[in-house]
Amino acid sequence: MIRFADFSFCYEGMNEDTLKNINMEIKDGEFLLLTGRSGCGKSTLLRSLNGLIPHFYPGETKGDLLYGEKSLLKMLPSEIAGKVGTVFQDPRSQFFMTDTTRELAFGCENMGYEREEIISRVEKAVTDLELEQYLNRSIFALSSGEKQQIAIGSVYALAPKVYIFDEPSANLDHEATKRLAGIMKKLKSAGYTIIVADHRFYYLRDLIDSVIYIENGSIVARYTGKEFCELDKTLRIHKGLRTVYPEKEIDNKQDDKLAVKSRLGGHKLKVENLSFEYEKKQRILDNISFEASPGDVIGVIGHNGAGKTTLISVLTGILKEKGGKVYYGGKKLSPANRRRLSYLVMQDADYQLFTTSVEEELTLGISDVDSDLVSGTLDKLALSEYKDKHPAALSGGQKQRVTIGASLIKNSEVLYFDEPTSGLDYDSMIRVSELIKELSGGGAIIFLVSHDFEFITHTCTRMFDLDAEKMLDVNKGNLQMLAKKYFA
Amino acid sequence: MEFGVCSDKSKAFIRLDPRSKLLLLMAISIIMIGGTTVGIEGVLRIICAAIPFLLLLSIRQYKAATIYLLLLGTALFCEKQVAPYTHGMCNIILMMICGLITRFVAGYMMGWYTVKSTSVSEFITAMEHMHCPSFISIPISVMFRYFPTLSEEYKSINDAKRMRELGHPLKQPLTYVEYILVPLMMSTVRIADELSAASLSKGLSAGEKRTHICEIGIGSIDIVAIIGSITMFVLFLVY
């Protein structure tokens with residue numbers, strides 16, 4: 001059992017407590033969901049459970065945090081490692097080793113177990129979590145979902161009683177999310193305590209025992225799993241929570257004809273027989289053809305490895321096509337022309353921030369700067385008060401808006417978004433969705449790669465299905481077909 | 001540099017300990033580069049040239065072994081049979097190229113074998129067995145893990161940069177470097193931070209002695225290799 005007894009925490013150098021008087025009990029075998037808006041203190045709560053607070057993030061603690069009878073705050077990280085295991089958000093940055101087998105053994109090696117013991121623990125993890133196919137492979141050749149399964153395996157080998165997952169679905173597509181839910185179900189039925197913090201939680205709906213809602217560092221609501229799944233929609237949106245049943249959002253989709261009507265006049269983007277392969281005989285894109293008009297918001301969908309990112313890379317001109325043509329307004333475009341015409345908002349905004357202030361970032365690479373346009377754009381994106389700040393000091397959502405702002409100033413006519421809602425709470429998701437609708441209303445052609453069903457339903461007017469290689473309108477029928485793939 | 005993933009035992013006929021590989025590599029390089037072709041040193045050279053060939057065969061790198069054999073054979077043939085018929089500049093260039101090949105290719109192939117047949121894990125385990133302190137072995141293991149990450153990060157940043165048409169590598173080299181380095185440092189610092197947090201939560205820096213899943217050990221073949229290397233060294237130095 002874990003018990004927070006009037007627990008507060010203040011990071012070193014901060015004026016205000018990030019966690020305020022937390023009182024709660026987590027029973028053995030409980031499946032707990034922590035939720036709340038970005039920056040509410042969820043991650044801080046998890047960090048105090050796995051010993052990163054106070055050992056990695058120094059600060060001042062008040063009250064106590066008990067594991068059984070013993071205070072977690074007084075334990076060494078090595079002692080906690082055998083009790084509480086953590087699977088972190090970003091699968092790229094939680095590996096210490098270069099190959100999977102060694103990574104699975106990493107925790108055990110640190111604990112100084114005998115070789116035979118390590119092997120039997122790793123073998124147990126491999127059998128129980130079905131990881132055989134990933135053994136003896138380079139970590140760098142794995143997909144995000146596969147990396148995460150290895151991360152869970154390496155925690156499993158340490159045999160902790162408590163599992164912590166920090167936004168585990170943020171970097172996963174729907175298939176990997178499904179597998180993650182499967183593993184969590186196994187862990188739950190084996191009697192482990194599981195604590196998950198996530199903005200998207202539809203995949204946990206059959207597993208959650210209880211939910212803690214955090215606001216501004218305090219617990220403001222507690223629900224049982226059932227109560228939480230049945231929350232009134234208005235209340236849920238008021239609390240900034242995502243839906244538990246994304247497939248039900250289809251019912252709110254407006255009439256099919258509206259999407260077609262929204263199409264505007266202007267230059268069309270036409271793709272003819274586009275092909276791409278990295279190596280011979282490994283066709284990723286095979287004779288793709290479609291047409292897009294200004295005002296279209298096109299969701300690129302398809303199974304994992306169907307070539308969604310590759311298609312975007314070719315269309316933006318980052319990759320050169322191996323066959324086929326791309327036209328804009330009837331003119332054939334070379335990759336360099338395409339780069340000039342388009343803008344890609346990457347999943348990880350850090351790659352796209354080059355300068356020392358937000359304002360500088362927006363005007364970077366533009367020779368004649370229109371200062372009215374810049375201040376107007378800053379206003380529109382709610383960034384005016386941050387214009388002199390260093391981009392690195394902004395939150396994830398703000399960084400993303402800065403990169404969108406740069407595309408507005410560059411006046412790109414075709415915009416691409418790669419997973420724009422990964423790790424975003426409801427409010428931020430809706431904000432991105434509204435912004436995209438506004439951009440498309442202004443005559444831009446927009447493509448987005450996303451596995452966020454709720455977001456696609458809210459935002460897209462059309463979908464390009466890479467599996468069937470055809471363009472679909474976003475209507476109830478097509479959404480239901482997609483929902484069947486995602487949630488069945 | 002690319003290390004093989006945890007090397008597969010079933011694939012190799014001969015399994016050497018990373019430590020004997022390093023010793024052999026040293027012996028072969030020194031003898032091949034520094035030795036003459038006459039007397040006992042000539043015999044040593046033949047042995048040293050044969051070892052990488054056999055070891056490459058032992059890890060089923062038939063293509064590499066064939067290339068090595070052809071390269072060395074051609075160079076020796078040119079040195080002995082073709083060069084005497086050439087004069088002046090032509091002779092100098094030919095002798096130089098052949099000399100370089102005959103002296104360096106064996107060491108290079110031995111190095112290639114070492115890299116190809118040793119996994120990072122085995123290498124680090126060997127380092128720790130040699131009582132290399134953890135403040136050296138841990139950073140080195142992180143370094144191996146970091147190279148592929150750096151290249152992944154670089155690729156993404158470069159893509160982002162090309163979209164903004166920032167800094168041409170030839171026309172504005174400084175801007176080019178700046179717009180690569182700034183985001184690269186940002187993401188590297190973040191990854192390093194998250195990596196330390198993750199490793200701490202898995203009990204690294206526990207102060208206890210670490211153990212290893214990878215099994216390395218000195219076997220009978222290693223003893224042959226070690227004694228062989230030392231004997232060759234001694235013969236090489238004495239004569």
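Predicted model: local features only at pLDDT ≥ 70, side-chain atom pairs only at ≥ 80, totals over all residues.
1. Secondary structure of chain B. Chain B contains eight helices and zero strands.

2. Overall dimensions of chain B. The radius of gyration of chain B is 23 Å, whereas a compact globule of 239 residues would have a value near 18 Å. Along the principal axes, the C-alpha atoms of this chain occupy a box of roughly 60 × 55 × 35 Å.

3. Domains of chain B. How is chain B divided? Domain 1 consists of residues 18-122 together with 218-238, and domain 2 consists of residues 132-202. The C-alpha centres of the two domains of chain B are 37 Å apart.

4. Burial and contacts within chain B. Of the 239 residues in chain B, 28% are buried. When contacts between residues at least 6 apart in sequence are considered, 71% of them join residues at least 24 apart.

5. Where chains A and B meet. In this model, 53 residues of chain A are in contact with 44 residues of chain B. On the chain A side, α2 (52-55), α3 (77-81), α4 (100-111), α5 (115-128) and β16 (342-345) each supply at least two residues. Which of these elements gives the most? The answer is α4(A), with eight residues. By class, the side of chain A that touches chain B has 26 nonpolar, 18 polar and nine charged residues.

6. Helix α11 of chain A spans residues 308-316. Its buried residues are Lys308(A), Leu311(A), Ile312(A), Val314(A), Leu315(A) and Thr316(A). An α-helix has 3.6 residues a turn, so residues three or four places apart point the same way. Within this list, Lys308(A), Leu311(A) and Leu315(A) illustrate such spacing. Just after α11(A), Gly317(A) adopts a positive phi of about 90 degrees.

7. An unreviewed UniProt entry carries the annotation "domain: ABC transporter" for residues 2-241 and 269-488 of chain A. Residues 2-241 of chain A are 35% helix and 25% strand, with the end C-alpha atoms 26 Å apart. Residues 269-488 of chain A are 37% helix and 25% strand, and the end C-alpha atoms of this span lie 35 Å apart.

Definitions and conventions. Residues numbered from 1 in each chain as written. Chains lettered and ligands numbered in written order. Helix = DSSP H or I, 4+ residues; strand = E, 2+ residues; numbered from the N terminus. Rg over C-alpha atoms; globule rule 2.2 N^0.38 Å. Buried ≥ 20, exposed ≤ 12 C-beta atoms within 10 Å, placed from the backbone. Contact = placed C-beta atoms within 7 Å. Domains from an automatic or database assignment. Nonpolar A, V, L, I, M, F, W, Y, C, P; charged D, E, K, R; others polar. UniProt positions renumbered as here; feature names shortened; annotations may be inferred.
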